[in-house]
Amino acid sequence: MSNVTVVSHPLIQHKLTMLRDKNTSSKDFRELVREIAMLMAYEVTRNLQLKDIEIETPIIKTTGKVLAGEDIAIVPVLRAGLGMVDGMLDLIPNAKIGHIGLYRNEETLEPVEYYCKLPSDIGNRIVIITEPMLSTGGSMNGAIALLKKHGAKKIKSIHLVCAPEGLKKVTDAHPDVEIYTASIDEKFNDIGYIVPGLGDAGDRLFGTK
């Protein structure tokens, strides 16, 4: 899976272990998700284009590099994906935000769309999908297909943990999408939860478990 990057920075791995702990409070869980998302944003944006500009330091004129103006959209998959948005915005404050609402049919494990609101110029932007858990791959495939339907061409996704089965399902269906994750876990179980995972990210973020 050449389009998959496991971000193994020690700070991310340390914080991920704290996330997995069932005794971590919702407050701490939210803070950790935000921090990990911010750290992972460095990797996701590593290949942004730069251009030269001339500036004047207090000493002399010199040439420096700035972003070349590639527009970015951050699109969380509701609701757990919301927990990663603020961390991304800490580094990319000018990004536009879209939202995709999908829920999983508990019998078929397939995604059902209930909401989609995207920037009108989504086709001209680098789109970063935030979704803490990539389990069966059904919801992520649904989100990517929806984005492509609305004209998105450059798509990346960012996750805390992935199940290998779901990861393969997404990479097979969308080999053009770059996927970033802090961990590829063991598997998902018979009710679609990642093992060892970190539980239901939405419930732990919002205190609804």
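Is Gly-199 buried, partly exposed or exposed? At 34% relative accessibility, Gly-199 counts as partly exposed. Keep in mind that this is a predicted model.

Let me stay with Gly-199. This glycine lies in the loop between β14 and α6. Setting aside residues up to four places away in sequence, Gly-199 touches Met-133 and Tyr-193.

Why start there? The UniProt entry, which is unreviewed, carries a "binding site" annotation. That annotation covers Ile-194, Gly-199, Asp-200 and Ala-201. Now to the pocket. The lining of the largest pocket takes in Ile-194, Gly-199, Asp-200 and Ala-201 from that set.

Next, Ile-194. This residue is found in strand β14, residues 194-195. Ile-194 has 7% relative accessibility, so it counts as buried, the cut-off being under 20%. What does Ile-194 touch, beyond residues up to four places away in sequence? The contacts are Met-133, Leu-134, Ser-135, Val-161, Cys-162, Ala-163, Asp-185, Lys-187 and Phe-188. Met-133 is also a contact of Gly-199.

On to the largest pocket itself. About 610 Å³ of space lies in it. It is lined by 25 residues. Closest to the centre are Arg-104, Glu-131, Met-133, Ser-139 and Asp-200. Which elements each supply at least two residues of the lining? They are β4 (72-78), β6 (99-104), β9 (133-134), α4 (138-149) and α6. By class, the lining has 11 nonpolar, eight polar and six charged residues.

There is a second pocket to look at. The second largest pocket holds about 290 Å³ of space. Its lining has 15 residues, and those closest to the centre are Leu-67, Glu-70, Ile-72, Ile-92 and Asn-94. The lining divides into eight nonpolar, four polar and three charged residues.

Take Glu-70 from that list. It sits in the loop between β3 (61-67) and β4. Glu-70 counts as partly exposed, at 29% relative accessibility. Not counting residues up to four places away in sequence, Glu-70 touches Leu-48, Gln-49, Ile-126 and Lys-154. One distance for reference. Glu-70 and Ile-158 are 88 residues apart in sequence, and 19 Å apart in space, C-alpha to C-alpha.

Now a lysine, Lys-156. It is found in strand β10, residues 154-159. Is Lys-156 buried or exposed? At 9% relative accessibility, Lys-156 counts as buried. Its contacts, leaving aside neighbours within four places in sequence, are Val-44, Ile-126, Val-127, Ile-128, Ile-129, Val-177, Glu-178 and Tyr-180. Ile-126 is also touched by Glu-70.

Last, helix α1, residues 10-20. Which residues of α1 are buried? They are Ile-12, Lys-15, Leu-16 and Leu-19. These four cover an arc of only 105° around the axis, which puts them on the same side of α1. The spacing fits a general rule. An α-helix has 3.6 residues a turn, so residues three or four places apart point the same way. On the other side of α1, Pro-10 and Thr-17 are exposed. And what covers the buried side? The cover for the buried residues of α1 includes α2 (26-44), β11 (161-162) and α6 (201-206). Helix α6 also supplies at least two residues to the lining of the largest pocket.

Note on methods:
Residues are numbered from 1 along each chain as its sequence is written. This is a predicted model: local features need pLDDT of at least 70, side-chain atom pairs count only at pLDDT 80 or more; totals for chains, interfaces and linings use all residues. Side-chain values use heavy atoms; hydrogens and water are left out. Buried means under 20% relative accessible area, exposed over 50%, partly exposed in between (1.4 Å probe, protein chains only). The arc is that of the directions from the helix axis to the C-beta atoms. Contact means heavy atoms within 4.5 Å. UniProt positions are given in the numbering used here, feature names are shortened, and annotations may be inferred rather than shown by experiment. On a 1 Å grid over the protein atoms alone, a cavity is a set of points where a 1.4 Å probe fits but cannot get out, and a pocket is an open set with protein on both sides within 12 Å along at least five of seven lines; lining residues have an atom within 4 Å of a point. Grid points are joined across faces, edges and corners, and a volume is the space filled by probe spheres set on the points. Ala, Val, Leu, Ile, Met, Phe, Trp, Tyr, Cys and Pro count as nonpolar, Asp, Glu, Lys and Arg as charged, and the others, Gly among them, as polar.
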